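Welcome! Take a look at the view below before reading on.

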Amino acid sequence: MKTNVNGMEMAYEILGQTGYPIVLIHGFALDHRIWLEMGSKHLRNHRVILPDMRGHGESDTPNGAYPMVLMAQDLAHLLDYLQVNKAIVCGHSMGGYVALAFAAKYPERLAGLGLITTRAHADTDEKREGRYQMIEKVRERGSIAIAEALAPRLSHDEEIMRQTKEMIVNTSPQGIIGALQGMAERPNRLDLLPEIEVPSLVVAGKDDQIIDLPDAREMADALPHAEFLPIYGAGHMPMKEKPVVLAEGLNNLVKRVKGFH
Ligand code: MLT
């Protein structure tokens with residue numbers, strides 16, 4: 001499905017029309033399909049909202065940079081359209097950066113927060129420089145430059161690597177460049193965490209090659225109502241690598257939100 005938000009067509013899918021609204025935001029250069037199998041099998045009792053963020057999946061690809069806060073605004077407009085006032089907002093990696101931007105900008109609309117293989121730190125200078133170099137490579141060679149560099153780091157599982165590589169190759173170069181610029185410029189959100197007074201879940205993959213476990217633990221320690229869920233046998237893609245374990249954490253989060261005052 002698609003709707004017009006913030007001057008662009010935004011694509012999304014919803015699993016389950018009743019139940020508590022829970023948003024799952026995909027990571028960089030991927031799209032909502034990463035959640036489909038886990039969501040349809042294991043999150044059946046909720047209204048699961050799966051957006052394609054700008055520049056990704058079937059959504060439009062506007063020119064320019066995509067600050068995380070702009071993507072959070074896209075999401076808020078999508079929720080307006082869906083008549084969802086408050087939701088549990090969960091994000092994977094770059095989606096986690098967007099979820100944190102949403103928590104900062106729309107605290108009154110946040111019922112719960114899920115941070116899945118992501119971090120609250122801003123980029124180091126080195127990391128930021130790496131993103132600008134990547135932008136040049138994407139300009140020269142297209143999305144394949146990112147697919148080759150990123151897919152092998154997402155998971156050790158050959159099939160997951162194949163699927164994610166295909167998704168990245170099908171993400172437009174402008175979408176990738178806009179997101180890289182937005183991630184490079186994002187602020188540090190560590191100071192925000194103690195102010196997030198709703199139930200939260202922090203998920204880490206023990207074999208994640210992109211997010212360090214101590215960074216995830218630091219977030220969980222700083223959040224007032226966090227559950228920390230480190231997953232053995234998972235890398236950066238627990239929704240694909242360990243869907244049952246991740247879904248259990250998410251189902252628990254919904255339960256905690258419902259019982260929270
Ligand atoms: C992601 O998986 O969303 C990105 O790799 C995160 C990042 O590059 O910081």
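Is the crossing of helix 4 and helix 7 left-handed or right-handed? The crossing of these two helices is left-handed. Please keep in mind throughout that this is a predicted model.

**Helix 4 and its partners**

Let us stay with this pair for a moment. Helix 4 covers residues 125–141 and helix 7 covers residues 173–184; their axes come within 9 Å and cross at roughly 170°. Angles over 145 degrees count as roughly antiparallel, and helix 4 and helix 7 are therefore roughly antiparallel to each other. On the helix 4 side, the contact is made by R128, R131, Y132, M134, I135, V138 and R139. Helix 7 contributes P173, I176, I177, L180, Q181, M183 and A184. Sorted by class, this contact has 10 nonpolar residues, one polar residue and three charged residues.

Helix 4 also packs against helix 5, which spans residues 144–154, at an angle of about 130° and with the axes 7 Å apart. That angle makes helix 4 oblique to helix 5. Here M134, K137, V138 and R141 of helix 4 touch I144, A145, I146, E148 and A149 of helix 5. The contact of helix 4 with helix 5 divides into six nonpolar, no polar and three charged residues.

**Helix 2 and helix 3**

Another pair to find is helix 2 (residues 68–81) with helix 3 (residues 94–105), whose axes are 8 Å apart and meet at an angle of about 70°. This makes helix 2 roughly perpendicular to helix 3. In helix 2, the residues M68, V69, M71, A72, Q73, L75, A76 and L79 meet M94, Y97, V98, A101, F102 and K105 of helix 3. The contact of helix 2 with helix 3 holds 12 nonpolar residues, one polar residue and one charged residue.

**Around the ligand**

Some names now come back. The residues around the ligand are G27, F28, S93, M94, Y97, R119, K127, R131, M183 and H236. Among them, M94 and Y97 also take part in the contact of helix 3 with helix 2, while R131 and M183 belong to the contact of helix 4 with helix 7.

| Residue | Atom of the residue | Distance to a ligand oxygen atom |
|---|---|---|
| M94 | backbone N or O | 2.8 Å |
| Y97 | side-chain N or O | 2.5 Å |
| R119 | side-chain N or O | 3.4 Å |

Key:
Residues numbered from 1 in each chain as written. Predicted model: local features only at pLDDT ≥ 70, side-chain atom pairs only at ≥ 80, totals over all residues. Heavy atoms only, no water. Axes fitted to C-alpha atoms, helices over the stretch in contact; angles between N-to-C directions. Helix = DSSP H or I, 4+ residues; strand = E, 2+ residues; numbered from the N terminus. Parallel < 35°, antiparallel > 145°, perpendicular 65-115°, else oblique. Left-handed = near helix turned anticlockwise from the far one by under 90°. Contact = heavy atoms within 4.5 Å. Nonpolar A, V, L, I, M, F, W, Y, C, P; charged D, E, K, R; others polar. Near = heavy atom within 4 Å. Polar contact = N/O pair within 3.5 Å; in protein donor to acceptor, adjacent residues only side chain to side chain.
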